[in-house]
Amino acid sequence: MLPKLVITDIDGVWTDGGMYYTADGDVMKRFSVKDGWGVIFLRELGIPVAIMTGENTQIVQKRADKLKIKYCYLGVKDKVAQARELCRELGISLDEVAFIGDDLNDLPLLRLVGYSASPANTPGYVKREVKYVTAAHGGYGAFREFVEKLLEDNGVLEDTVSKFL
């Protein structure tokens with residue numbers, strides 16, 4: 001069954017987990033444009049995407065805005081509580097959610113959702129608890145791979161991709 005919501009962490013999933021600082025102290029993050037296609041594929045199927053990150057940075061909000069992601073939660077301390085609130089708003093259960101995360105603070109939600117995943121470079125104790133581990137590292141297309149796996153498992157990947165050819 002296709003999820004009714006896809007939730008994603010950012011640092012370590014959409015980014016390589018690094019924090020880049022300029023000489024002036026500005027923080028930069030590197031995103032892979034490949035992951036944007038994952039959002040586009042889900043939008044084509046009417047499946048909303050939610051970003052939930054513990055970081056509180058406008059860099060993430062700018063990326064969400066560019067990809068027209070309606071649900072972007074910054075500075076989240078309790079991802080389970082935030083996910084439950086969003087599920088209530090959408091009228092769905094956590095069983096109907098797919099989530100990709102990469103670290104300790106993601107484990108509680110990874111354990112509760114219907115479909116869980118993590119990037120290849122996630123610690124082993126997290127990878128052991130998810131249903132799917134991407135071949136890609138975080139920041140190198142892991143989110144897109146996760147989305148494509150969801151679509152492939154549900155028999156809609158080829159039809160979805162063909163709409164953009």
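At roughly what angle do the axes of helix 1 and helix 6 cross? The legends below answer this and then move to other parts of this predicted model.

**View 1. Helix 1 crosses helix 6.** Helix 1 covers residues 34-44, and helix 6 covers residues 142-153. Their axes cross at roughly 35 degrees. The axes come within 6 Å. Helix 1 passes helix 6 in a left-handed crossing. Two packed helices are described by the angle between their axes and the distance between the axes.

**View 2. Residues meet where helix 1 contacts helix 6.** Helix 1 brings K34, D35, W37, G38, V39, F41 and L42 to the contact. Helix 6 brings A142, F143, R144, V147, E148 and L151. Sorted by class, this contact holds 8 nonpolar, 1 polar and 4 charged residues.

View 3. Strands of a sheet pair through backbone hydrogen bonds, either parallel or antiparallel.

**View 4. Strand 1 pairs with strand 4.** Strand 4 spans residues 49-52. Strand 1 and strand 4 pair in the parallel sense, over 3 bridges. Look for V6, which stands opposite V49 in strand 4.

View 5. Find K79 in helix 3, which runs over residues 79-90. Is K79 buried or exposed? K79 is buried, because its relative accessible area is 4%, and buried means under 20%. Leaving out residues up to four places away in sequence, K79 touches D9, M52, T53, G54, F99, N105, D106 and L109.

**View 6. K79 and D9 form a salt bridge.** The closest N and O atoms of this pair are 3.0 Å apart. The pair links distant parts of the chain, 70 residues apart. K79 is in helix 3, while D9 is in the loop between strand 1 (5-8) and strand 2 (20-21). D9 is buried too, at 4% relative accessibility. The salt bridges also reach D106: D9, K79 and D106 are linked in a network. How many salt bridges does the model have? The count comes to 9.

**View 7. D11 and K29 tie two loops together.** Their salt bridge has its closest N and O atoms 2.7 Å apart. D11 lies in the loop between strand 1 and strand 2. K29 lies in the loop between strand 3 (27-28) and helix 1. The pair therefore ties together parts that are 18 residues apart in sequence. D11 counts as buried, at 16% relative accessibility. K29 is buried as well, with a relative accessible area of 12%.

View 8. Where do E85 and R88 lie? Both lie in helix 3. They are 3 residues apart, about one turn of the helix. E85 forms a salt bridge with R88, and the closest N and O atoms are 3.1 Å apart. E85 is partly exposed, at 40% relative accessibility. R88 is exposed, because its relative accessible area is 57%, and exposed means over 50%.

Notes: Residues numbered from 1 in each chain as written. Predicted model: local features only at pLDDT ≥ 70, side-chain atom pairs only at ≥ 80, totals over all residues. Heavy atoms only, no water. Axes fitted to C-alpha atoms, helices over the stretch in contact; angles between N-to-C directions. Helix = DSSP H or I, 4+ residues; strand = E, 2+ residues; numbered from the N terminus. Left-handed = near helix turned anticlockwise from the far one by under 90°. Contact = heavy atoms within 4.5 Å. Nonpolar A, V, L, I, M, F, W, Y, C, P; charged D, E, K, R; others polar. Buried < 20%, exposed > 50% of the residue type's maximum accessible area, 1.4 Å probe, protein only. Salt bridge = Lys/Arg side-chain N within 4 Å of Asp/Glu carboxyl O. Pairing = 2+ DSSP bridges.
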